[in-house]
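What follows is a short report for a reader who is meeting this structure for the first time. Please look over the sequence and the model before reading on.

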Amino acid sequence: MSQSLNNEFFEKESTKKLLWRVLWGLCIFFLFIELFVERHGHFGDHSIDSYFGFYGLLGFFSCLICIVLSLIIGRFIKVKEEYYDRDIV
Amino acid sequence: MIEILFKSNPAFLFLFGALLIPFLKGHIKNLFAISIPVIAFFTVHHLDPGTIKTLSFLHYDLQILRVDKLSKVFGYIFTISSFAAFIYGFYQKKSLEFISILVYVGSAIGVVFVGDLFSLYMFWELMAVFSTFLILAKKTTSSMGAAKRYILVHIAGGLILLAGIILHISETGSIDFVHFTTQSLSTYLILTGFLINAAAIPFSSWLPDAYPEATVLGGVVLSAYTSKTAVYTLARGFAGWDILIGIGCAMAIYGVIYALLENNMRRLLAYSIVNQVGFMVCVVGIGTPLALSGAAAHAFCHIIYKSLLWMSAGSVIHQVGKTKFTELGGLYKTMPLTLLFCIIGALATSAPLTIGFISKTIIILAAEYEHLVIPWIMLEVASAGVFLLAGIKYPYFVFFNKDQGLRPKEAPKSMLLAMGFLSFLCIFLGCFPEYLYNILPNAELVKAKMSYTFSDIYIHHFSKVVTKMQMLMFSALVFFLFLPLLKRSNTISIDFDWFYRKGATLFYKTMDKLLNTLNTITTTAVNRNLLPSIYKIALSVPLVMLVMLNRVIFLFKKSSPNILVSEKNRIEMHLKAGSFPIGISAILTLVLFAILFIL
């Protein structure tokens with residue numbers, strides 16, 4: 001019984017809440033820690049990638065753009081699983 | 001014999017092993033299969049860069065062995081990954097899969113170690129043929145279809161390559177496989193042949209179409225070789241061709257978008273192969289010495305972590321028998337070790353302390369040095385994207401998400417052992433990349449530009465770790481914030497294979513309509529119109545002639561018109577029935593002969 005209770009760990013609301021906090025915490029932690037490390041832009045000292053939080057934003061927006069793009073494209077190219085079933089090749 | 005096996009192309013070891021497999025039984029067969037990559041690994045290790053062995057064939061000298069550092073990197077990783085695959089496949093008893101894998105891996109190693117285009121082509125085709133058996137071995141209707149499309153695409157690719165090779169030989173007179181400098185029809189054909197195997201856009205769809213239909217072990221093996229040998233050949237022949245930068249970036253983004261739409265876990269992993277091969281193709285296009293080392297390093301690392309991910313997916317299929325995200329979920333409860341290895345493989349796509357971190361850094365650096373800002377951004381985007389899907393989406397939907405009530409047992413020990421071995425490599429080489437950098441081409445250059453000790457990477461250059469972690473954490477944040485939008489449905493996505501799958505059906509239907517309509521028209525014209533009219537002519541011409549002849553005779557006899565009519569009816573009746581008295585027929589024949597004689 002205790003085994004099965006332990007196994008439900010990830011379905012508890014409290015765990016989910018905790019994990020959300022950990023995720024937000026990590027994001028903020030790594031942004032915060034950037035204040036203390038010396039960093040240079042890859043394409044010259046004042047290139048855009050030298051600004052604070054550039055990589056966090058890059059990660060956030062690149063994933064967001066990919067998701068949005070996939071949703072838009074998905075509207076046109078998603079078909080039922082049986083779509084090819086009657087084809088000859 | 002020993003000369004050929006141990007001092008020549010390591011491919012022959014695998015081919016020889018494949019010959020012996022059918023005579024072995026039980027676990028001896030498995031152990032024998034495992035021993036071959038081990039022996040091959042040491043054979044590769046003892047090959048000195050610069051060695052060339054030739055074999056006379058027709059009027060050419062075939063370089064059946066050419067060793068340099070680039071080929072050795074691929075030799076190492078191919079033997080390591082096949083070693084892990086055979087451990088993973090310890091449960092497998094069927095000779096067919098073993099033979100196919102040995103010949104397939106052997107010919108991939110063959111491609112890497114030959115120095116001329118003839119031998120390359122031979123091994124190239126062997127690879128295509130024997131990899132098909134790994135898909136066929138699943139023996140389902142869908143795998144048969146996928147195998148058919150797979151082999152058709154590869155035959156087409158092989159023929160394009162062959163055409164290019166023949167043109168190239170007739171232009172230059174040389175069969176050596178070296179860097180191509182001229183841009184002509186022949187080199188473009190060869191490039192296309194290579195790109196088809198690299199699953200480059202727009203020839204990319206065969207990979208996600210075929211690999212997910214392979215057997216559990218087959219999928220693990222297939223994920224490593226075909227596209228990576230193509231990367232090797234591109235690095236050898238087409239380094240610095242600008243067109244590859246664009247193709248590579250497009251592949252990287254395309255892989256992410258399609259993988260996000262995917263509902264089948266092995267198809268998701270297949271699309272992420274396309275994405276990662278995109279990185280390699282792009283960096284081959286950059287073409288500087290550092291870039292080529294980056295391509296080799298990334299191929300090496302990618303094979304390790306992608307094999308690991310395919311193994312974890314294979315374990316799930318082996319235990320549960322399901323592949324769709326909509327049918328999976330909650331497996332962390334009963335398959336914790338598989339989950340652990342899966343997460344290591346997932347993190348190894350780019351997280352610090354793993355191999356993805358150290359190999360992608362070279363690629364990004366190579367783009368930076370050439371001031372290629374747009375490819376740099378696209379690769380960064382794709383790198384965040386691949387973490388989103390292979391790193392988070394795949395483990396999340398399989399092991400967490402909604403519990404589907406599946407309670408399979410943990411994967412067999414051999415599978416766990418193989419995954420453990422690859423996980424160890426993921427972390428070990430991620431922490432101590434010097435071992436990897438030492439075997440790369442231009443090792444000194446790489447070590448001059450990159451930090452390679454643990455303290456240098458993770459302490460002195462801590463800023464890179466911070467920025468990478470920012471990127472990964474925010475990617476994860478996006479995933480969980482937008483999770484409702486990523487809900488899976490039972491759908492598939494139309495890919496480039498639409499053109500030949502629907503195209504073939506369309507062609508078939510068009511031909512069906514066209515040819516059958518032609519058939520009907522011809523039938524109507526000939527059967528209904530032409531033949532009856534011939535019959536009528538055949539009947540009426542003799543009748544008219546006979547009646548006229550009759551009339552002439554009766555004119556001399558001066559008979560009455562009534563007799564004339566009745567005689568006409570009688571002739572007509574005889575004609576229709578074909579029943580002239582023999583005497584008359586004989587006379588008519590004589591008359592005919594006489595006419596012929598006179599004429």
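## Aromatic pairs

Phe61(A) is partly exposed, with a relative accessible area of 43%, where buried means under 20% relative accessible area, exposed means over 50%, and partly exposed lies in between (1.4 Å probe, protein chains only). This is a predicted model, in which local features need pLDDT of at least 70 and side-chain atom pairs count only at pLDDT 80 or more, while totals for chains, interfaces and linings use all residues; side-chain values use heavy atoms, with hydrogens and water left out. Residues are numbered from 1 along each chain as its sequence is written, and chains are lettered from A and ligands numbered from 1 in the order in which they are written.

Over all chains, a search of the whole structure finds 47 aromatic pairs. Among them, Phe60(A) and Phe61(A) form an edge-to-face pair, with 5.3 Å centre to centre and 75° between the planes. Rings of Phe, Tyr and Trp (its six-membered ring) pair if their centres lie within 6.5 Å, and planes under 30 degrees apart count as stacked, those over 60 as edge-to-face and the rest as tilted. Phe60(A) counts as buried because its relative accessibility is 18%. In chain B, Tyr254(B) and Tyr258(B) form a tilted pair, 4.9 Å centre to centre and with 45° between the planes. Both tyrosines lie in helix 11 (residues 243–261) of chain B, 4 residues apart, which is about one turn of the helix; helices (H or I, at least four residues) and strands (E, at least two) are DSSP runs, numbered from the N terminus. Tyr254(B) is buried at a relative accessible area of 8%, and Tyr258(B) is buried at 12%.

## An aromatic cluster and charges over rings

One aromatic cluster in chain B is formed by Trp124(B), Phe177(B), Phe180(B), Tyr188(B), Phe194(B), Phe238(B) and Trp241(B).

Charged side chains also lie over aromatic rings, a charge being counted if NZ of Lys or CZ of Arg is within 6 Å of the ring centre and within 35 degrees of the ring normal. Lys447(B) lies over the face of Tyr452(B), at 5.0 Å from the ring centre, and Arg501(B) lies over the face of Tyr84(A), at 3.7 Å from the ring centre.

## A nonpolar patch on chain A

Leu57(A), Phe61(A), Ile65(A), Val68(A), Leu69(A), Ile72(A), Ile73(A) and Phe76(A) make a nonpolar surface patch of about 760 Å². Patches are made of residues with over 30% relative accessible area and no salt bridge, with like charges joined within 9 Å and nonpolar side chains (Val, Leu, Ile, Met, Phe, Trp, Tyr) within 5 Å; the areas come from the Shrake-Rupley method with a 1.4 Å probe, and for residues only the protein chains shown count as cover. Within this patch, Ile73(A) has its place in helix 3 (residues 54–77) of chain A and is partly exposed, with a relative accessible area of 31%.

## Salt bridges

Side chains of opposite charge can pair when their charged atoms come close. A salt bridge is a side-chain nitrogen of Lys or Arg within 4 Å of a carboxyl oxygen of Asp or Glu, and a search of the whole structure finds 14 of them over all chains. One of these joins the side chains of Arg149(B) and Asp209(B), at 2.7 Å from N to O. Arg149(B) lies in helix 7 (residues 141–172) of chain B and Asp209(B) in helix 9 (residues 206–210) of chain B, so the pair ties together parts that are 60 residues apart in sequence. Arg149(B) counts as buried at 7% relative accessibility, as does Asp209(B) at 5%. Arg149(B), Asp209(B), Asp497(B) and Arg501(B) are linked in a network of salt bridges.

Asp403(B) and Lys333(B) also meet in a salt bridge, at 2.4 Å from N to O. The pair links distant parts of the chain, 70 residues apart, with Asp403(B) in the loop between helix 16 (373–399) and helix 17 (413–431) of chain B and Lys333(B) in the loop between helix 13 and helix 14 (336–347) of chain B. Asp403(B) is partly exposed at 22%, whereas Lys333(B) is buried at 8%.

## Domains

Chain A is divided into domain 1 (1–37) and domain 2 (52–89), with bounds that come from an automatic or database domain assignment, and their C-alpha centres lie 27 Å apart. Chain B is divided into domain 1 (2–495) and domain 2 (528–598), whose centres, taken over C-alpha atoms, are separated by 87 Å.
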